[in-house]
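Here is a short note to read beside the model. The points run from the whole chain down to single residues.

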Amino acid sequence: MSNNKDDSPKCSFCSRTEESVDKLISGPNAYICDKCIRLCIDIVSKKPAQHNIKILKPKEIVAKLNEYIIGQEKTKRTLAVAVYNHYKRIRALSNDDRTIEYSKSNVLMLGPTGSGKTLLARTLANILDVPFAIADATTLTEAGYVGEDVENIILRLVQNADYDIAKTQQGIIYVDEIDKISKTTSNVSITRDVSGEGVQQALLKIVEGTIANVPPKGGRKHPNQEYIKVNTEHILFIVGGAFVHLPNIISKRLGKGTIGFNETITTYERDLNETNYLLSKVEAEDLIKYGLIPEFVGRFNSIATCNELSVQELMEILTKPKNAIIKQYQQLFREDGVEIHFTEDALETMAVKAKEAGTGARALRMIVENLLIDLMYEVPSDPEITEIIINKECILKTTLPIIHRTSITKESSTI
């Protein structure tokens, strides 16, 4: 009996017997039941999983960006339109009855250090709830040379999407310092420019859209290695750089020396206005003269310019955004039962110091952190402190912060 039972036909996939299914279909040395057939039909006919993207209208995107980013109004608009059209294109590609093929667009941002390029890209990804990855172009090299392969940029996005490939393929990648990989036009030697033009060539395919073979653990590719296949056609690439000498190239093209501005403004303000004006007139040919190859420039049909931040904008960055630096530190002190306030002249002095540092908004956090480090050390152990006032003199280190206690008000002598 046992031998007959073992020899009875079974589904080769689920091992169900003929008695437990409606139909059992035989084939060469194999069987398949009706239940497994239905499952196979579902798998074959099912469309690839799509990550639901919040497609916000350009004005809605700008309104969200305004909550976190001060200034750069024109840049916000350019990015909002580019992002809106990019994700509309993705939605259109999923329609089987589409009649028009939309070409892929990417964004190039240029502007000085600390003007908010990275923050803009990161905030966009947060607003849209899509994966985001940052790469530094200076660490990349052409395949086969010491350095990092461009495919490792995709790997970071895969990791940030928790290895969900459908979600990865609709993310945003920001490549910083793109101006540092300009080709060396004056170099006529046969030595390959592996960190300049070579990297631009390597980036071309993944930027325009291709099936990238990504090493699952990063590092260099090698034969017989398994890869994660990622279609970059739907990934939005945003590249940014300072392009320090670009205004000179634009000025020569326009045939202008110094732009005429109001004579009452300072020399610094005149230089700043002129730089911002020239960058607003940038054309593809200027970027090519700078050292980007024409094919690479052609992949970025949206160019956004970030202006250098003014003292007033730096002051607003300290206090206005949802995650403003001052708000963060005020909450930290509030958790210890202490209110900390900054006078208007204190904010202005910090903004001026950040401006002088030449790194824009990046310098603000360091200035505030260094200012408050001793207070953050003392306050948790002193329950009598209720309020701290920071004025201009504190920033200039000519006086100590004013501390209010439960019984008396006095200038601190312990901090």
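1. Surface. The protein exposes about 22,900 Å², of which carbon and sulfur atoms supply 51%. Accessible areas come from the Shrake-Rupley method with a 1.4 Å probe, and for residues only the protein chains shown count as cover.

2. Basis. This is a predicted model, in which local features need pLDDT of at least 70 and side-chain atom pairs count only at pLDDT 80 or more, while totals for chains, interfaces and linings use all residues. Residues are numbered from 1 along each chain as its sequence is written, and side-chain values use heavy atoms, with hydrogens and water left out.

3. Overall make-up. The secondary structure comes to 17 helices and 13 strands; these are DSSP runs numbered from the N terminus, helices being H or I of at least four residues and strands E of at least two. Of the 415 residues, 42% count as buried, where buried means under 20% relative accessible area, exposed over 50%, and partly exposed in between (1.4 Å probe, protein chains only). Among contacts (heavy atoms within 4.5 Å) between residues at least 6 apart in sequence, 65% join residues at least 24 apart.

4. Helix 5. Residues 117–128 make up this helix, and its end C-alpha atoms are 17 Å apart, which agrees with the 16 Å that its 12 residues should span at 1.5 Å a residue. The expected span is 1.5 Å times one less than the number of residues. Nine of the 12 residues of helix 5 are buried, including K117, T118 and L128. D129 follows helix 5 and has a positive phi, near 60 degrees.

5. Nonpolar cores. The term stands for a set of buried Ala, Val, Leu, Ile, Met, Phe, Trp, Tyr and Cys residues joined through side-chain atoms within 4.5 Å. The largest has 42 residues, of which I154, I173, I178, L203, F243, L246 and L287 touch the most other members. Apart from that core lies another, of 31 residues, with I317, A363, V368 and I403 among them. Leaving out residues up to four places away in sequence, L203 touches L140, V150, I153, I178, I181 and F296.

6. Aromatic pairs. A search of the whole structure finds two. Rings of Phe, Tyr and Trp (its six-membered ring) pair if their centres lie within 6.5 Å; planes under 30 degrees apart count as stacked, over 60 as edge-to-face and the rest as tilted. F296 and F300 form a tilted pair, 5.1 Å centre to centre with 50 degrees between the planes. Both F296 and F300 are buried.

7. Strand pairing. Two strands pair if DSSP finds at least two bridges between them. Strand 11 (residues 385–390) pairs in the parallel sense with strand 10 (residues 339–342) over four bridges, and H341 stands opposite I389. Strand 11 is also joined by four bridges to strand 12 (residues 402–405), in an antiparallel run, with I385 opposite R405.

8. S302. This residue is found in strand 9 (residues 302–305). Why does S302 count as buried? Its relative accessibility is 16%. Leaving aside neighbours within four places in sequence, S302 is in contact with A82, N106, V107 and L108.

9. V282. The loop between helix 10 (267–280) and helix 11 (284–290) holds V282, which counts as buried at 12% relative accessibility. Beyond neighbours within four places in sequence, the contacts of V282 include L110, L246, L287 and I303. R253 is also in contact with V282; the two are 29 residues apart in sequence and 9.8 Å apart in space, C-alpha to C-alpha.
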